Amino acid sequence: MLSVQENFPVEFSDALLAKFAEVVSRYPAGKQKSALLPILHLVQAEYGWLSTDAMDKVAAFLQIKPIEVYEVATFYTMYFLRPQGKYALEVCRTGPCCLVGAERIMKHIEDRLGVREGEVTADGLFSWRGVECLAACGYGPVLQIGPEYTFYENLTEESVDQLIDTLRNKAKEA
Amino acid sequence: MGRKLLLEHINEPGINTFAVYRQKGGYRAVEKALKTMSPDDVVEEVKKSGLRGRGGAGFPTGLKWSFLAKPEGVPRYLVCNADESEPGTFKDRYLMTHIPHALIEGMIVSSYALGAHTSYIYVRGEMMPQIRILEQAIAEAKAAGLLGDNILGTGYNLEIYVQPGGGAYICGEETALLESLEGKRGNPRIKPPFPAIAGLYGCPTVVNNVESIAATVPIINDGGEEYAKIGIERSTGTKLISASGNINKPGVYEIELGVSVEEFIYSDEYCGGITNGKSLKALVAGGSSVPILPANLITKTAAGNSRLMTYESLAEGGFQSGTMLGSGGFIVYDEDQCIVRNTWNFARFYHHESCGQCSPCREGTGWMEKVLHKIEHGHGTMDDIDLLWDIQRKIEGNTICPLGDAAAWPVAAAIRHFRDEFEWHVLNPQESQQRNYGLAHYADPLEPVVQ
Ligand SMILES: Cc1cc2nc3c(=O)[nH]c(=O)nc-3n(C[C@H](O)[C@H](O)[C@H](O)COP(=O)(O)O)c2cc1C
Ligand code: SF4
Ligand code: FES
């Protein structure tokens, strides 16, 4: 998964480095490795995914080995190791949501975007995937969109269409 | 109407803000505990309350606190488990979203009781909005002198930090959570040592669920004995239940432990009955990890007693005919749902979430997923059903952490109670692709099947 093609050189801004330092200050001296997960979220929010170079630089910042970053980035499902769509739709696919139509919603998203799970649309705007229970089972079907992880609940085919249109327009304006 | 202790003011506009929360009597427990009680008094009150851990295992909170080692010169930690990933469970998210100060107040009281000066709230990473809400609540409490140095002039210091996870169900297991909080993969630790002796950074640590910690607030305000008056037997107090599936009013409800399951499903105060007037087929009472029960066994026990929402009543009959209260993830299945498909879905979940450290769990969950996929898609044989039974038995009890059991139990219960549905899939491979099995002999209102 960590191939050279997936690399992308980054240079962390001073603002981002200041955020890293604030995170590190939450832990006792010498326990800065605790900052790894929060810092990877900050990096992903900035670039949309974690390139090898970004991970190496996080390792250098935290004074840990690169492998300690890779093993964490590959273990947790929220970290993307390759570029995603600008809007990565993550639909809950677990039991309780399936009782109220999650599988139908995923099929609809697939048809609507015209890409399979994990792929990115040609315009680079969208990707989608199924994820496990998002602790919103009473409001299913649900999906979330990072990096703010906004929730969209009680989804219907119509509300999904609307959401996709809204995001498309938002991208045009930006 | 049952008494509400955690959600009493949930409909108050602005209750998510410090000002309104305080005006409604919030942070009284902090004042009372820090100014008039010793840390041991607080632990004693929690013991008297009979509060049992709301994260799933139901271990008495006061007792857990009393195990905390207190070596001289070594920091102690309180870590709040807000990883909430058990399918069917969404109460902690609800509490943190709508009444975040209830958790912060509980954190202060509990940290004081344990002698912790730094505490962490480990929130699953997907709950970024809730992380922001908690950080805001912490800042407000700090500005009011309820956090930081010399709280309320009592000389007690406390900092609370919010830690995001990375998306991994296993990090709800307390030792995996601690590994994750240390910046590592979420591989559960071999116990002993228990966190009470060697937890975060090797220091004595208590890990408690969001709801357990929030419950210490009414316990300190009204006294442990008052809290223990609510409920039945060793199921004291109130419990948040996350209700989902085919019901008219899904959502989070605070119940007095002891409400009957039937009332909880059908009364308008709670779930409001099954959607579209359909029949109840099956129910998972405490999150995906607990045994699924058919309708007749969930409303009445095999012995014919009305089944109540308590730790004891739900467990009556053991795994032969009972289940568990677990985390309170109450998932309701109507007559149109397919048990085989649901079991496959859950097996896939556990396979996906297995950390991979132990072979029975890593390999067994994968096998179960594959075999169930085969049966669900019309390619199963009768031997496959026995194979499933065999695999789940070989996982249970043979792993480092309870995720293995959590993966095995739902499969075992599905075969135990719904074997005819599995056999129907095998015998009718084509038909099973067109329609669901529907209700069978176990359906309401037939008599319980006693094995
Ligand atoms: C696989 C697994 C997942 C768990 N997930 C959670 C969880 O999301 N939230 C939680 O509070 N406890 C969870 N637990 C239980 C915790 O290990 C621990 O018992 C609990 O946080 C203790 O808090 P309590 O005593 O207040 O319930 C999980 C346990 C296992 C084995
Ligand atoms: S039982 Fe499963 S999740 Fe738990 S430690 Fe073993 S492999 Fe990991
Ligand atoms: S099953 Fe979808 S949010 Fe829980």
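**Entry 1: ground rules**

I worked on a predicted model, so I kept to local features with pLDDT of at least 70 and to side-chain atom pairs at pLDDT 80 or more, while totals for chains, interfaces and linings use all residues. I numbered residues from 1 along each chain as its sequence is written, with chains lettered from A and ligands numbered from 1 in the order in which they are written, and side-chain values use heavy atoms, with hydrogens and water left out.

**Entry 2: cavities**

I searched the whole structure for cavities of 30 Å³ or more and got two. For a cavity I took a set of points, on a 1 Å grid over the protein atoms alone, where a 1.4 Å probe fits but cannot get out; lining residues have an atom within 4 Å of a point. Grid points are joined across faces, edges and corners, and a volume is the space filled by probe spheres set on the points.

The largest cavity holds about 70 Å³ of space. I listed 13 lining residues for the largest cavity, with C355(B), C358(B), C361(B), C401(B) and L403(B) closest to its centre. I sorted this lining by class (Ala, Val, Leu, Ile, Met, Phe, Trp, Tyr, Cys and Pro as nonpolar; Asp, Glu, Lys and Arg as charged; the others, Gly among them, as polar). The lining of the largest cavity came out as eight nonpolar, four polar and one charged.

The second largest cavity has about 50 Å³. Among the residues of its lining I noted V284(B), S288(B), I339(B), F346(B) and P410(B). Helices (H or I, at least four residues) and strands (E, at least two) are DSSP runs, numbered from the N terminus. Helix 15 of chain B gives the most, with four residues.

**Entry 3: pockets**

I then turned to pockets, a pocket being an open set of points with protein on both sides within 12 Å along at least five of seven lines. The largest pocket has a volume of about 1300 Å³. Of the 49 residues that line the largest pocket, I found G55(B), G56(B), A57(B), G172(B) and P402(B) closest to its centre. Strand 4 of chain B supplies the largest share of this lining, five residues. By class I have 20 nonpolar, 17 polar and 12 charged residues for the largest pocket.

The second largest pocket has a volume of about 1000 Å³. It is lined by 43 residues, and H41(A), A45(A), P147(A), E148(A) and R132(B) lie nearest its centre. Helix 2 of chain A gives the largest share of the lining of the second largest pocket, seven residues. The classes there are 25 nonpolar, eight polar and 10 charged.

**Entry 4: salt bridges**

I counted 41 salt bridges over all chains, each a side-chain nitrogen of Lys or Arg within 4 Å of a carboxyl oxygen of Asp or Glu.

I looked up R348(B) and E132(A), whose side chains meet in a salt bridge at 3.4 Å, N to O. The pair joins two chains, because R348(B) lies in helix 15 of chain B and E132(A) in the loop between strand 2 (126–131) and strand 3 (143–145) of chain A. Both R348(B) and E132(A) are buried (buried is under 20% relative accessible area, exposed over 50%, partly exposed in between, with a 1.4 Å probe and protein chains only).

K64(B) and E174(B) form a salt bridge with the closest N and O atoms 3.5 Å apart. K64(B) is in helix 4 (residues 61–66) and E174(B) in helix 8 (residues 174–181) of chain B, so this pair ties together parts that are 110 residues apart in sequence. K64(B) is partly exposed, at 22% relative accessibility.

R341(B) and E376(B) form a salt bridge at 2.9 Å between the closest N and O atoms. R341(B) sits in helix 15 and E376(B) in helix 16 (residues 359–376) of chain B, 35 residues apart. I have R341(B) as partly exposed at 29% and E376(B) as buried at 7% relative accessible area.

Last, I noted a network of salt bridges that links R54(B), K91(B), D92(B), E211(B) and K239(B).
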